[in-house]
Amino acid sequence: QEAIDARSFRPVLEAGTDEHRQEALSTLRHFRCIRTKRWKYVENENDITELYDLGNDPSELNNKAEEETEVLREMRGRLGTRLLEGQWNR
């Protein structure tokens with residue numbers, strides 16, 4: 001179906017690649033999140049902004065939003081692009 005955010009696992013299963021997609025998006029009411037292999041960015045409406053370095057902090061214990069301003073800007077942009085341009089709806 002065209003109205004779902006999904007891609008085939010076929011290339012992974014056939015051992016053509018070990019990467020399925022570059023990012024994953026999640027939304028629920030006032031919560032939006034985008035995750036790459038290394039970073040996880042979380043927007044909570046009326047709450048704190050969260051950014052985690054999953055490579056160095058896989059348990060998500062240290063919020064890097066105030067320290068990693070460039071990464072925060074990039075991840076916020078990626079999330080906005082996917083939401084506003086409808087790329088999540090593939």
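Me: What does the chain average for pLDDT?
Reply: This is a predicted model, and the chain averages a pLDDT of 82, with 74% of the residues scoring at least 70.

Me: Ok, and where is confidence lowest and where is it highest?
Reply: Helix α1 (residues 10-13) has the lowest confidence, with a mean of 69. The highest is in strand β4 (residues 49-53), at 96.

Me: How many bridges does β2 make with β3?
Reply: Five bridges join β2 to β3 (residues 39-44), again as an antiparallel pair. They form a hairpin too, with two residues between them. Isoleucine 34 faces tyrosine 41 in β3.

Me: New topic, leucine 72. Which helix is it in?
Reply: Leucine 72 belongs to helix α2 (residues 69-84).

Me: Buried or exposed?
Reply: Leucine 72 counts as buried because its relative accessible area is 11%, and the cut-off for buried is under 20%.

Me: What is leucine 72 in contact with, leaving aside neighbours within four places in sequence?
Reply: Tyr41, Thr49, Leu51 and Ala65 are in contact with leucine 72.

Me: And where's lysine 40 relative to leucine 72?
Reply: Their C-alpha atoms are separated by 9.5 Å, though lysine 40 and leucine 72 are 32 residues apart along the chain.

Note on methods
Residues are numbered from 1 along each chain as its sequence is written. This is a predicted model: local features need pLDDT of at least 70, side-chain atom pairs count only at pLDDT 80 or more; totals for chains, interfaces and linings use all residues. Side-chain values use heavy atoms; hydrogens and water are left out. Helices (H or I, at least four residues) and strands (E, at least two) are DSSP runs, numbered from the N terminus. Buried means under 20% relative accessible area, exposed over 50%, partly exposed in between (1.4 Å probe, protein chains only). Contact means heavy atoms within 4.5 Å. pLDDT is the predictor's confidence in each residue, from 0 to 100. Two strands pair if DSSP finds at least two bridges between them.
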